[in-house]
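Keep the viewer open as you go, and try each task before reading on.

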Amino acid sequence: MIGFLSILCKSNSLRSHSSKISHLIQNSSSKSIFRSTHLSNPINNSIPSSIQFNFGSPISSASFFLPGFSVKGLAFTNWAEKGDGLSLFSNSSLRCPFKEGAGFLRLRSSAGGSRTFSSESERESINYDVVIVGAGPAGLSAAIRLKQLCREKDVDLSICVVEKGAEVGAHIISGNVFEPRALDELFPLWRQEESPVCVPVSSDKFWLLTKEHAFSLPSPFDNKGNYVISLSQLVRWMGTKAEELGVEIYPGFAASEILYDANHKVVGIGTNDMGISKDGSKRENFQRGVELKGRITLLAEGCRGSLSEKIIRDYNLREKGNAQHQTYALGIKEVWEIDEGKHKPGFVLHTVGWPIDSKTYGGSFLYHMKDRQISIGLVLALNYRNPFLNPYEEFQKLKHHPAIKPILEGGTVLQYGARTLNEGGFQSIPYPVFPGGAIVGCSVGFLNVPKIKGTHTAMKSGMLAAEAVFHTLQEGSSMEAYWDNLKKSWVWEELYRARNYRPAFEYGMIPGLALSALEHYILKGRSPLTLKHGKPDHEATDVASVHSPIHYSKPDGLVSFDVPTSLYRSNTNHEHDQPAHLHLRDPTIPERVNLPKYAGPESRYCPARVYEYVINEQGQQKLQINAQNCLHCKACDIKDPKQNIEWTVPEGGGGPGYSIM
């Protein structure tokens with residue numbers, strides 16, 4: 001793939017900056033990695049033709065990268081000038097920076113603050129004031145709030161956001177009925193702008209489903225003033241806002257490790273190496289990862305973030321916060337385009353009951369978006385007991401319900417995806433501060449279960465963390481202010497009032513509905529008791545011998561579909577020739593334990609058929625891992641009965657490519 005490098009600048013110092021970059025590359029000892037890309041002056045006529053770039057050898061089609069500037073991967077047509085800095089754009093997948101031996105370069109970026117690029121060590125190291133992992137609602141809210149404080153106080157802090165998705169929003173999926181409370185605080189005038197938050201809730205229904213009927217119940221949701229949105233579109237809009245404020249966002253880079261100093265204080269993150277083959281050898285396009293070091297590091301990876309989980313374990317944050325274990329659910333979703341006559345913008349429907357059994361917590365949703373689009377999905381708690389249960393097939397079954405199927409008939413599926421979500425709520429919030437940084441958003445777990453909303457609380461947590469970061473860096477105060485302010489905020493009050501809803505369903509659907517109604521209508525969250533969660537999700541799985549196999553109907557290709565068809569609609573893509581990012585701690589457990597005892601549940605709980613048992617040459621069933629199918633939902637990391645599967649990040653830019661989820 002041919003890419004293009006475009007160097008842009010508003011200031012009069014273009015010639016000086018460009019010459020320094022050219023000099024740096026010409027003196028690199030690893031010019032061989034720069035291939036098949038051309039410097040393209042015609043793209044940007046502001047580059048004087050008198051500036052000559054002699055690279056000695058071509059630049060890598062994997063793209064040229066300068067941290068501290070703006071990088072756009074996918075299509076250079078989305079470029080824009082930024083302040084007085086230089087911006088580098090490529091239409092190919094993003095890759096890491098210079099190799100060893102290039103020397104040093106100090107420049108001032110459009111976001112402010114100096115950067116020192118050193119290539120004399122084993123891998124590049126770039127220093128920032130704040131490094132944020134994850135360009136989701138929490139991470140971007142933190143970055144935006146920090147830059148707002150910088151403008152208010154006339155202070156300059158350099159902020160980097162690293163995102164494993166190929167572009168901002170590519171890995172973001174949610175229902176989503178959006179409560180704008182945090183957005184109102186972050187951007188008070190957002191309604192006067194052109195934003196993707198534009199479909200107000202017009203109707204709010206709640207149904208109890210049986211196999212053949214739908215019974216209307218009083219709706220416990222108060223969605224007046226809320227909006228039906230695509231969360232992936234919202235975070236893309238937020239990303240643009242963040243960049244306008246000077247935040248540097250780098251999609252396509254997967255944070256794979258935590259960096260510590262000699263005192264075990266977190267000092268940043270490292271991105272993974274690119275161009276490693278399945279056998280561990282280096283391919284021709286191998287490029288070393290980069291160290292992004294920050295005075296403060298914020299982890300905003302979303303539910304079950306791999307680095308966040310490591311930090312929680314290493315610093316005993318769950319114990320420090322007196323928190324119970326986290327509980328999870330798996331959400332599976334499609335976006336459809338339906339007939340105009342069936343479309344009701346702002347219509348919101350939630351259901352309980354069929355097809356989920358009475359001992360399993362969960363429900364479905366159907367939201368009418370704009371442009372004849374609807375979101376339909378099933379959310380299933382991962383503490384389900386029956387190892388034969390298949391969440392993907394339960395979702396396909398849902399769409400055949402007599403009250404649901406007519407809405408979908410004649411329509412077209414536009415996109416498919418899946419993601420786990422935190423359901424532990426108030427009882428499961430760990431202490432979110434660690435030496436050198438903090439955890440924000442769904443990596444902590446701020447979902448309000450009875451509201452089925454967590455975006456507003458995740459955003460608020462990012463904003464509160466940003467305020468603590470600012471005062472820590474400018475005044476020398478403690479990051480513990482984030483924890484203190486969190487407990488004083490409306491987030492804490494909201495989650496406290498909602499704390500008993502989810503554990504009430506440990507006793508089954510009917511007792512759960514009765515207890516939650518008592519909490520909602522009578523006690524209004526003021527119960528003197530705080531219920532506890534049951535077993536961790538992976539321990540809840542029964543042995544297969546106490547259940548009967550579940551036989552699911554074949555998909556009809558009209559409203560229900562097989563997994564390969566759905567995967568195609570998720571735009572999931574990984575480099576095939578790379579080490580599997582899904583690790584078995586003990587490779588013998590699948591055949592020795594999971595298959596004989598639990599009937600191989602990993603072949604069913606995964607909504608992307610990553611895990612399947614195949615017959616080998618000896619006629620034995622062996623687990624095969626199709627890592628390239630992975631939707632990054634994290635269900636395997638949570639539900640495996642022996643916690644034998646470890647989810648780690650693949651090469652940056654891999655995974656789903658959501659655009660309207």
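**Exercise 1.** Which residues in H9 meet which residues in H11?

*Solution.* Bear in mind that this is a predicted model. On the H9 side, pick out His456, Thr457 and Lys460. Their partners in H11 are Trp490, Val491 and Glu494. Sorted by class, this contact holds two nonpolar, two polar and two charged residues. Next, look at the geometry: the axes of H9 and H11 (residues 490-497) come within 10 Å and cross at roughly 145 degrees. The crossing of H9 past H11 is left-handed.

**Exercise 2.** Work out how H9 and H10 are oriented to each other, and describe their contact.

*Solution.* Start with the two segments, H9 at residues 455-475 and H10 at residues 480-488. Their axes come within 8 Å, and the crossing angle is roughly 140 degrees.

Now list the residues. H9 contributes Ser461, Leu464, Ala465 and Ala468, while H10 contributes Ala481, Tyr482, Asn485 and Leu486. By class, that gives six nonpolar, two polar and no charged residues.

**Exercise 3.** Compare the setting of H2 and H4: at what angle do they pack, and which residues meet?

*Solution.* H2 covers residues 137-153 and H4 covers residues 231-244. They pack at an angle of about 25 degrees, with their axes 10 Å apart. Since angles under 35 degrees count as roughly parallel, H2 is roughly parallel to H4. H2 passes H4 in a left-handed crossing.

For the contact itself, take Pro137, Leu140, Ser141, Ile144 and Arg151 from H2. They meet Leu231, Val235, Met238, Gly239, Lys241, Ala242 and Glu244 of H4. These residues divide into seven nonpolar, two polar and three charged.

**Exercise 4.** Find the backbone features at Asn176, Pro355, Arg304 and Arg372, and say where each residue lies.

*Solution.* As background, most residues other than glycine have a negative phi, and most peptide bonds are trans.

- The bond from Gly175 to Asn176 is cis, with omega near 10 degrees. Asn176 sits in the loop between S8 (159-163) and S9 (177-178).
- Trp354 and Pro355 are also joined by a cis peptide bond, with omega about 5 degrees. Pro355 belongs to the loop between S20 (347-353) and S21 (362-368).
- Arg304 is not a glycine, yet its phi is positive, about 55 degrees. Its loop runs between S18 (290-299) and H5 (306-314).
- Arg372 is not a glycine either, and its phi is about 65 degrees, again positive. This residue is in the loop between S21 and S22.

**Exercise 5.** Buried or partly exposed: how do Arg304, Arg372 and Gln373 count?

*Solution.* The cut-off for buried is under 20% relative accessible area. Arg304, at 13%, is therefore buried. Arg372, at 30%, counts as partly exposed. Gln373 has a relative accessible area of 13% and is buried.

Gln373 is in S22 (residues 373-381). Beyond its neighbours within four places in sequence, Gln373 contacts Val335, Trp336, Glu337, His343, Tyr367, His368, Leu414 and Ile660.

**Exercise 6.** How many helices and strands does the protein chain have, and what share of its residues is buried?

*Solution.* Count the elements to get 17 helices and 29 strands. Of the 661 residues, 61% count as buried. For contacts with a separation of 6 or more, residues 24 or more positions apart account for 76%.

How values were computed:
Residues are numbered from 1 along each chain as its sequence is written. This is a predicted model: local features need pLDDT of at least 70, side-chain atom pairs count only at pLDDT 80 or more; totals for chains, interfaces and linings use all residues. Side-chain values use heavy atoms; hydrogens and water are left out. Axes are lines fitted to C-alpha atoms, for helices over the stretch in contact, and angles run from 0 to 180 degrees between N-to-C directions. Helices (H or I, at least four residues) and strands (E, at least two) are DSSP runs, numbered from the N terminus. Angles under 35 degrees count as roughly parallel, over 145 as roughly antiparallel, 65 to 115 as roughly perpendicular and the rest as oblique. Contact means heavy atoms within 4.5 Å. Ala, Val, Leu, Ile, Met, Phe, Trp, Tyr, Cys and Pro count as nonpolar, Asp, Glu, Lys and Arg as charged, and the others, Gly among them, as polar. Buried means under 20% relative accessible area, exposed over 50%, partly exposed in between (1.4 Å probe, protein chains only). A crossing is left-handed if the near helix is turned anticlockwise from the far one by less than a right angle, and right-handed if clockwise.
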